[in-house]
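Student: I would like to learn how to read the packing of helices and rings in a model. Could we work through a case together, beginning with the helices?

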Amino acid sequence: MKTISMTRRVILAAAAATVSFGAMAQADGHQVVDSMHFLIPGGAGGGWDGTARGTGEALTNAGLVGQATYENMSGGGGGKAIGYLIENADSQHGTLMVNSTPIVIRSLTGVFPQNFRDLTLVAGTIGDYATIVVGKDSPINTMDEFLTAYRADPSGTAIGGGSVPGGMDHLVAAMVMKAAGEDPTAVKYIPYDAGGEAMAALLSGEIAALSTGFSEAVDLANAGEVKIIGITSAERNDTYPDAPTMIEQGIDTEFVNWRGFFAAPGLPDDKLAMYQDAITKMYDTPEWEEVRNRNGWVNIHNSGDEFFSFLENQEQVIGDLMKELGFL
């Protein structure tokens, strides 16, 4: 799977995975982490949770990690977990945290005071495309039909999401509508505390469409609960090939939400190098490919200084876009 690079049209958003590593040893030619603890800044079932648990599954099944444990720490738009990691840095050298675009967006908007520079950057790992979905019983089947409904009744054709106004789901919806020729600041966006609440609102008809991650939408589409009417990838995804791209429907926009791993500040260099090596080796395993393909992720691997440069570039691109859309 090729690595995705940053362009003006492809905004790569960060997800950090908090991983607590125990002692490391050599076994069967692989560097093995005896135990790994993932700190997840959100609740169960979301994109961060899926990234952490999927990564832990691949690492343990491949024999690179002996045992993986997980801790969900919701609050403050992800800020509670970030603050915890920083404030307890001396005792958290065995922990890594998972995060995504919100670590950039929410620091720009002041939801929390910290940003990625306050953490040890381990590696960017994967990307997840964004989607617009409608309920299974909706008369809408394409983006063109959604836009027709929106133009007929803008205030009655709301888009929901599992993030705050100006957050990633809102940003994606605005990007899509802008590319479709609409005023992105006029779109009625309704935020929900979590993906589950947003999905309930979609199925009840409270919102006409939902902006969410592709990996979260695939399971619901396979279960017949939603219809994916647009994905923000350049080409159709093999995980769910029935999902049409925005581009093929005449909406010239792409977006992929990247996710990666961060550690506490002050992490010793030797431990950082071992963590990065373990993640690098993961990419060559069939266990990782199974998890990656199942979730529809793309490989985005940036380590250390490269990861830092990537985030600085993304911060600039997203900041410029949010100012243009009136979010900053």
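Student: At what angle do helix α1 and helix α9 pack, and how far apart are their axes?

Tutor: In general, two packed helices are described by the angle between their axes and by the distance between those axes. In this predicted model, helix α1 (residues 47-61) and helix α9 (residues 286-295) pack at an angle of about 160°, and their axes are 8 Å apart. Angles over 145 degrees count as roughly antiparallel, so α1 is roughly antiparallel to α9. The crossing of these two helices, α1 and α9, is right-handed.

Student: Which residues of α1 and α9 make the contact?

Tutor: On the α1 side they are Gly-54, Thr-55, Glu-57, Ala-58 and Asn-61, while α9 contributes Glu-287, Trp-288, Val-291 and Arg-294.

Student: How do the axes of helix α5 and helix α10 cross?

Tutor: The axes of helix α5 (residues 168-179) and helix α10 (residues 304-325) come within 11 Å and cross at roughly 70°, and α5 and α10 are therefore roughly perpendicular to each other. The crossing of α5 and α10 is left-handed. Here Leu-171, Ala-174, Met-175 and Lys-178 of α5 meet Ile-318, Leu-321, Met-322, Glu-324 and Leu-325 of α10, and the residues of this contact divide into 7 nonpolar, no polar and 2 charged.

Student: Turning to rings, how many aromatic pairs are there?

Tutor: Counting ring centres that lie within 6.5 Å of each other, there are 8 aromatic pairs.

Student: Where in the protein chain is confidence lowest, and where is it highest?

Tutor: The protein chain averages a pLDDT of 87, with 90% of the residues scoring at least 70. Confidence is lowest in strand β2 (residues 16-21), at a mean of 33, and highest in helix α4 (residues 143-152), at 98. Over residues 1-29 pLDDT stays under 50, although the model has 138 contacts beyond four places in sequence for them.

Terms used:
Residues numbered from 1 in each chain as written. Predicted model: local features only at pLDDT ≥ 70, side-chain atom pairs only at ≥ 80, totals over all residues. Heavy atoms only, no water. pLDDT = per-residue confidence, 0-100. Helix = DSSP H or I, 4+ residues; strand = E, 2+ residues; numbered from the N terminus. Contact = heavy atoms within 4.5 Å. Axes fitted to C-alpha atoms, helices over the stretch in contact; angles between N-to-C directions. Parallel < 35°, antiparallel > 145°, perpendicular 65-115°, else oblique. Left-handed = near helix turned anticlockwise from the far one by under 90°. Nonpolar A, V, L, I, M, F, W, Y, C, P; charged D, E, K, R; others polar. Phe/Tyr/Trp six-rings, centres within 6.5 Å; stacked < 30°, edge-to-face > 60°.
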